[in-house]
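My entries follow in the order in which I made them.

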Amino acid sequence: MLPRYHTVKKTGEHEIIIQKSRFIAHIKRAESEGEAQEFIQTLKKKYWDASHNCSAYLIGEHDQIQKANDDGEPSGTAGVPILEVLKKRKLKDTVVVVTRYFGGIKLGAGGLIRAYGKAASEGLDAVGIVERRLMRVCHVKIDYSWLGKIENELRSSIYILKSIQYQENVEIEVFVEEEMQQVFTEWMIELTNGQAEITAGEVTYLESDM
């Protein structure tokens, strides 16, 4: 699992007009090729009357799955420019379909490349980009007498407070980056004079807006 990577925030669409042609960018997070293909086929059925439904996706930790489809546009003028936008943005697990309704004015190869790239780029801006960071959920069990100090220290630290559970003792859940686990544990022990009970929990991705 990658320590951190960028992907799209949500599923969405964004339309632009270029020389009377409509370009509608549809964007989705996809963690498998099957999921990406299902999204593409769904849009092809929905926009069956469009001139073209061009697509590209980039999937996998090391971008091992890459596909681009021009869907009838001149070779290399639609799918590849979309894919290049994904690569330039360093996005992962992302599929983009750009639907075009021809407006009667031919754009030429260069114009098509610019148009599909622009549609994809503006579409990504519209739906938003997030950074996903791999985090360990650390559980810190302390006596109630330590709560005020520990909570204040956590809220002003680099660590992210997930929750506080009030039981017989207080159990605090904290998001800690994997490589910071030892540092975090030592810090908690120092703050509580060795009275904190610290256990490592699940590993999960935490998302933050870019």
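**Entry 1: helix H4**

I began with helix H4, residues 147-155, where I found Leu147, Ile150 and Leu154 buried. The model is a predicted one, in which I took local features only at pLDDT of at least 70 and side-chain atom pairs only at pLDDT 80 or more, while totals for chains, interfaces and linings use all residues. Residues are numbered from 1 along each chain as its sequence is written, and side-chain values use heavy atoms, with hydrogens and water left out.

I looked down the axis of H4: its buried residues fall within an arc of 75 degrees, so they line one face of the helix. The arc is taken from the directions that run from the helix axis to the C-beta atoms. On the face of H4 turned away from the buried side I noted the exposed residues Asn152 and Arg155. For these terms, buried is under 20% relative accessible area, exposed is over 50%, and partly exposed is in between (1.4 Å probe, protein chains only). Helices (H or I, at least four residues) and strands (E, at least two) are DSSP runs, numbered from the N terminus.

What covers the buried residues of H4? The cover includes strands S7 (129-142), S8 (160-166) and S9 (170-177), together with helix H5 (181-191). Contact here means heavy atoms within 4.5 Å.

**Entry 2: H4 against H5**

I then took the pair of helices. The axes of H4 and H5 come within 11 Å and cross at roughly 145 degrees. Axes are lines fitted to C-alpha atoms, for helices over the stretch in contact, and angles run from 0 to 180 degrees between N-to-C directions. I noted the crossing of H4 and H5 as right-handed. A crossing is right-handed if the near helix is turned clockwise from the far one by less than a right angle, and left-handed if anticlockwise.

Which residues meet? From H4 I listed Lys149, Ile150, Glu153 and Leu154, and from H5 Phe184, Trp187, Met188 and Leu191. By class, this contact of H4 with H5 has six nonpolar, no polar and two charged residues. The nonpolar class is Ala, Val, Leu, Ile, Met, Phe, Trp, Tyr, Cys and Pro, the charged class is Asp, Glu, Lys and Arg, and the others, Gly among them, are polar.

**Entry 3: helix H5 and what follows**

In H5, I found Phe184, Met188 and Leu191 buried. They cover an arc of only 65 degrees around the axis, which puts them on the same side of H5. Gln182 and Glu190 are exposed on the face of H5 turned away from its buried side. I recorded S7, H4, S9 and S10 as the elements that the buried residues of H5 pack against.

Thr185 is also in H5, and is partly exposed at a relative accessible area of 23%. From Thr185 to Thr199 I have 14 residues in sequence and 8.9 Å in space, C-alpha to C-alpha.

After H5 comes Asn193, with a positive phi near 55 degrees. Asn193 sits in the loop between H5 and strand S10 (197-209), where its relative accessible area of 60% makes it exposed.

I looked up His26 in strand S3, residues 21-29. Is His26 buried or exposed? At 2% relative accessibility, His26 counts as buried. Its side chain makes a polar contact of 3.5 Å with the side chain of Glu13. A polar contact is a pair of N or O atoms within 3.5 Å; within protein, one must be able to donate a hydrogen and the other to accept it, and residues adjacent in sequence count only if both atoms are side-chain atoms. Leaving out residues up to four places away in sequence, His26 touches several others, including Phe39, Leu43, Tyr47, Val97 and Thr99.

Asn53 is in strand S4 and is buried, with a relative accessible area of 5%. I found a 2.7 Å polar contact between the side chains of Asn53 and Thr99. Beyond four places in sequence, the contacts of Asn53 include Leu43, Tyr47, Asp71, Val97 and Thr99.

**Entry 4: two loops**

Asp71 is in the loop between strand S5 (65-69) and helix H2 (79-88). The phi of Asp71 is near 45 degrees, positive in a residue other than glycine. I noted Asp71 as partly exposed, at 25% relative accessible area.

Trp48 is in the loop between helix H1 (33-46) and strand S4 (52-59), and is exposed at 68%.
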